[in-house]
Each structure stands twice: as structure tokens, then as C-alpha cells.
Amino acid sequence: MKKQLKSKKYSLFEAPSLSDAKMRKKHDIENIVFEIDQKYQNIGINKTYMVKTYGCQGNIADSEKICGIMDNLGFVEVKDEKCADVLFFNTCAIRENAENRIYGELGRLYPLKVNNPNMLIVLCGCMPQEEVTVNNIKEKYPQVDIVFGTHNIYKIPEYIYDAYTEKKRVLEVFSYEGDIIEGIPLKRDSKVKAWVDIMYGCDEFCTYCIVPYTRGSERSRRPNDIINEVKDLVNKGYIEVTLLGQNVNAYGKDLKDMDYTFANLLEDLAKTGIKRIRYTTSHPRDLDKETMDVMAKYKNIMPHLHLPVQSGSNDILKKMNRKYTKEMYLDKINYLKKVIPSISLTTDIIVAFPNESEEDFEETLDLVRKADFEGAYTFIYSKRKGTPAATYDNQIDPVTAKRRLLTLNKLINEGFAKGNKRFEGEILEILVEGYSETKNHLLCGYTGNNKLVNFEGDEELIGKLVKVKITKAYTWHLRGELI
Ligand code: 5AD
Ligand code: SF4
């Protein structure tokens with residue numbers, strides 16, 4: 001039996017604490033059903049909203065919840081911020097430049113508020129989970145009306161109601177994660193591809209990363225809630241789901257009353273009849289043989305894995321608290337390539353982590369060559385206040401960091417091109433997403449291996465699975481012909 005949602009009245013200006021967030025309070029996670037209190041219904045009639053989303057897929061999925069709640073309150077979504085009565089910034093805290101972008105955006109909002117005095121500016125997502133952000137907003141950004149974090153999206157109706165009726169600034173960010181709230185209405189961006197949260201939070205505490213503090217401890221949704229959501233998507237005609245979590249391979253570890261793993265979930269979802277399953281993000285230490293075997297067994301689990309390695313140096317991996325070595329990583333992917341020979345691997349890499357020597361960096365290049373990655377997100381290490389690595393000596397100078405990033409990117413791009421080249425001449429199934437952003441007369445879509453294909457075709461193919469013959473491979477995409 002799920003409990004009904006009962007919201008406690010918050011105290012205004014409740015701020016988060018990173019050191020509190022670090023303590024993993026042992027408490028039983030409850031599953032609560034979302035509902036909108038009678039009092040808040042229709043507060044959005046004749047009003048509009050817009051959500052600007054930054055960062056990872058987790059934030060994209062959260063924005064679908066924000067939009068779902070706003071639609072249910074009677075607000076109408078608009079795509080131009082000048083027309084929005086409520087403007088949300090769903091923010092990312094992972095690197096400093098992501099944060100600076102948001103401050104820049106907030107800075108240029110004054111004229112909008114002058115033109116529309118009823119406008120509410122809302123800052124939510126990961127940035128407000130940091131004390132430093134909350135203090136900054138309090139002191140320097142009076143134009144922001146509502147601030148909330150990653151754990152209290154379900155309280156949006158109350159915050160908006162209070163901001164409008166009490167005409168006060170609303171600020172509430174929890175240091176600790178709360179319960180799992182099921183049943184928040186989702187306004188999905190696509191009619192064929194869906195994000196499905198399977199768990200929240202992260203317990204890994206990689207020493208550079210702010211996420212365990214901003215997203216709280218690992219909490220898995222109940223298997224049946226996830227399976228039912230995917231079955232419902234199948235009934236509605238969805239073709240592809242991407243399962244989401246910061247470390248999906250840890251799924252189920254916190255489900256005390258059952259022995260149920262990510263591999264079990266993947267297998268149960270593969271049996272629902274959904275045509276395509278993807279998942280992200282994986283942690284190399286927790287990726288187990290059972291999961292790889294399930295991937296190999298089911299044709300509807302796509303042959304692509306994003307497996308962030310971060311570094312190829314065992315010394316740096318240790319300092320990053322990644323809990324695996326370069327050799328362990330290579331062993332896992334070699335097993336994966338053995339059971340799924342067609343697999344495409346992509347990764348995340350950080351260069352210039354404190355203390356990274358030229359030899360350490362060479363180890364990373366060596367790993368990239370051995371792993372045959374077909375793409376990667378590469379980053380220069382960014383110091384995040386409150387994380388252990390921010391206090392490490394020997395931070396790397398920016399010139400060296402930039403040089404390493406350029407060298408690495410060159411190698412990664414070669415892998416990208418090579419990964420595309422291997423499909424030349426093949427007939428592949430792609431899910432058509434729409435018109436290409438750069439070549440507008442062409443349709444585009446992704447293959448099972450997550451390769452972007454452009455081809456000529458009619459609009460009616462959008463949202464369908466079609467067969468395309470690959471005629472030419474470029475570095476970033478494939479060109480194909482419909483067959
Ligand atoms: N600096 C640079 N990159 C980071 N990432 C996470 N934290 C930092 C940081 N402090 C990268 C990691 C992670 C990806 C989502 O972002 O590579 O996998
Ligand atoms: Fe951050 Fe590491 Fe957790 Fe990924 S696994 S979210 S890098 S702490």
C-alpha cells in the first residue's frame with residue numbers, strides 16, 4: 001500500500017548543507033503517491049510557463065515532471081521566455097562553467113521582470129543543493145522568486161501558490177533526500193522515446209563529483225512501478241525507453257525486502273515487448289557479468305554502452321575513488337565485446353585531475369586506444385567546493401589541462417570516425433526522430449548502436465523504425481538511403 005502525499009509546511013529560507021548531505025542518514029524510504037491539493041488546483045489558469053533545462057538526462061526527466069505538474073495546475077507551456085509568467089531554470093552543478101552560464105542567464109532577466117511584474121523566476125535542480133548558490137541568490141539575485149532543489153519537485157504547487165498569494169520569496173532546499181514520490185504527472189517530450197527513472201541519488205562519492213551531495217543517497221524505485229510504467233509506454237506506442245540513474249548498476253541494492261538486481265530488472269523489461277531499451281549511466285565497478293549476459297540475450301536491449309572510465313591511470317583512479325583499475329575496466333569491456341561483438345562503447349574522461357602527471361595522461365591515451373571507444377564526453381577537471389578533490393594539492397595549470405584535452409579529443413574523434421566507418425554498406429534499423437538540425441531537408445534518427453543517420457524521406461516516417469542502407473560514414477554521422 002502506498003501512502004498519500006502529505007506536505008509539511010516549510011519554513012521560508014531553509015537552506016541546504018553539503019556536510020549534512022554527505023552524512024548518509026539511515027531511514028526507510030517510503031513510496032508516496034503524488035496528488036495536487038484542492039487548494040492549488042487551477043492556480044495556473046490564464047498563465048504561462050517555460051522550463052529551461054541544463055545538464056544531464058536526469059534533469060531532462062525532472063523537467064518532464066515539472067511540465068506535467070504545471071500543466072495539471074492549468075498553466076500553458078510557451079517556448080519563448082518573454083511570454084512566460086513562470087520561468088524555471090532547472091540547473092546543473094557538475095562543472096563551474098555550467099554554473100557560470102546560469103548566473104549569466106539570471107543576470108539578463110531584469111528587463112523581462114520589468115515588463116511583466118507578475119513574472120516568477122524559479123531556480124531549481126542541482127545548483128540550489130549547494131550552500132554557496134543559495135547564499136549567492138539570497139545576496140545578489142533578488143530577481144529570483146522561488147528556489148528549490150532536487151528532492152522537492154512535488155511541492156511546486158505550494159511554492160507557486162505562496163509566491164503569488166504571499167508575495168514572498170520562497171526558498172526551500174532539503175539537505176537530505178526524502179521518499180520516492182510516484183505518480184507525478186509526466187509531460188514527455190517525445191511520443192516514441194521515453195526516459196524512465198529507475199533510481200535516484202548516488203553513493204559512490206567519486207572525489208571530484210558533487211552529485212552524491214546534490215542528489216542524495218541511492219534509492220531504487222519498486223520493480224513493479226518501473227515495469228508497469230514501461231508496459232504502459234508500450235501500450236501507448238512508445239518504441240524506445242532509456243532507463244535512468246546516476247549508477248544504474250547499483251539498482252536494487254537498497255531494496256531490503258527483496259533480492260532483485262539491475263540484471264533482473266533489465267530482463268523483466270526486455271520481456272515487456274518494448275522494441276528498444278537503453279540505459280545510463282553505468283559504473284564500471286558495479287557492471288556485472290549477469291547484466292552483460294542479459295544484454296547479449298535480448299535483441300531489444302541496444303548494443304551500445306556508455307561506461308565512464310574517467311582516467312586510464314591506476315594512481316589517478318585511486319585518487320578519484322573509482323574503486324577499479326585500468327586492467328579491471330579492460331577485462332569487463334573485453335567480456336562485453338566477446339558476448340556482444342557488435343557493441344559500441346562510449347565513455348566519459350576527465351583530464352588534469354589534481355596530480356595527473358604526463359605519464360598518467362599517457363595511460364589514459366593508452367586505455368583509449370585499447371578500448372576502441374566510439375565516442376566520449378571529455379572534460380577538464382573542475383574544482384567543486386565541498387568535494388575532497390577540491391582540497392588536493394597539485395592542481396594542474398590551465399594551459400597543460402587544455403593541451404591534454406586537445407590531444408585526447410583528437411584520439412577520441414579518430415575513434416568516433418572509425419566506429420562510424422564500420423557500418424558503411426550495412427543495412428541498419430533506425431528510429432526516425434525528425435528533420436536534421438544541420439541538414440534540414442534530411443530526416444535523421446539513431447541506430448541500435450546509437451549512430452546518427454541522415455537520409456531522404458517523407459515526414460510520415462517520423463516516429464517509426466525504418467531500414468536504411470548506409471552509403472557513407474562521416475566523423476559525426478552516417479549518410480543513408482531508405483530501402
Ligand atoms: N570536473 C570535471 N568533470 C566532471 N564530471 C563530474 N564531475 C566533474 C568535475 N568536477 C564528469 C564525469 C562524469 C560526467 C557526468 O561529468 O566525467 O562522468
Ligand atoms: Fe558522480 Fe561518481 Fe556518482 Fe557518477 S558515480 S554521479 S561520477 S559520484
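Let me begin with the term I shall be using: a salt bridge here is a side-chain nitrogen of Lys or Arg within 4 Å of a carboxyl oxygen of Asp or Glu. Please keep in mind that this is a predicted model.

With that definition, Lys-289 forms a salt bridge with Asp-293, and their closest N and O atoms lie 3.1 Å apart. The two residues both sit in helix 10, which covers residues 289–297, and because they are four residues apart there, about one helical turn separates them. Lys-289 counts as partly exposed, at 46% relative accessibility, and Asp-293 is likewise partly exposed, at 27%. Elsewhere, salt bridges with shared partners join Lys-193, Glu-240, Arg-276, Arg-278 and Glu-433 into one network.

Another pair is Lys-236 and Asp-232, whose closest N and O atoms are 2.8 Å apart in their salt bridge; Lys-236 is exposed, with a relative accessible area of 56%, while Asp-232, at 36%, is partly exposed.

Now, which parts of the chain does the salt bridge between Glu-81 and Arg-108, with closest N and O atoms 2.9 Å apart, bring together? The pair links distant parts of the chain, with Glu-81 in the loop between strand 4 (76–77) and strand 5 (86–91), and Arg-108, 27 residues away, in the loop between helix 3 (96–107) and helix 4 (110–115). Glu-81 counts as buried, at 12% relative accessibility, whereas Arg-108, at 40%, is partly exposed.

For the overall tally, a search of the whole structure finds 42 salt bridges.

How values were computed. Residues are numbered from 1 along each chain as its sequence is written. Chains are lettered from A and ligands numbered from 1 in the order in which they are written. This is a predicted model: local features need pLDDT of at least 70, side-chain atom pairs count only at pLDDT 80 or more; totals for chains, interfaces and linings use all residues. Side-chain values use heavy atoms; hydrogens and water are left out. Buried means under 20% relative accessible area, exposed over 50%, partly exposed in between (1.4 Å probe, protein chains only).
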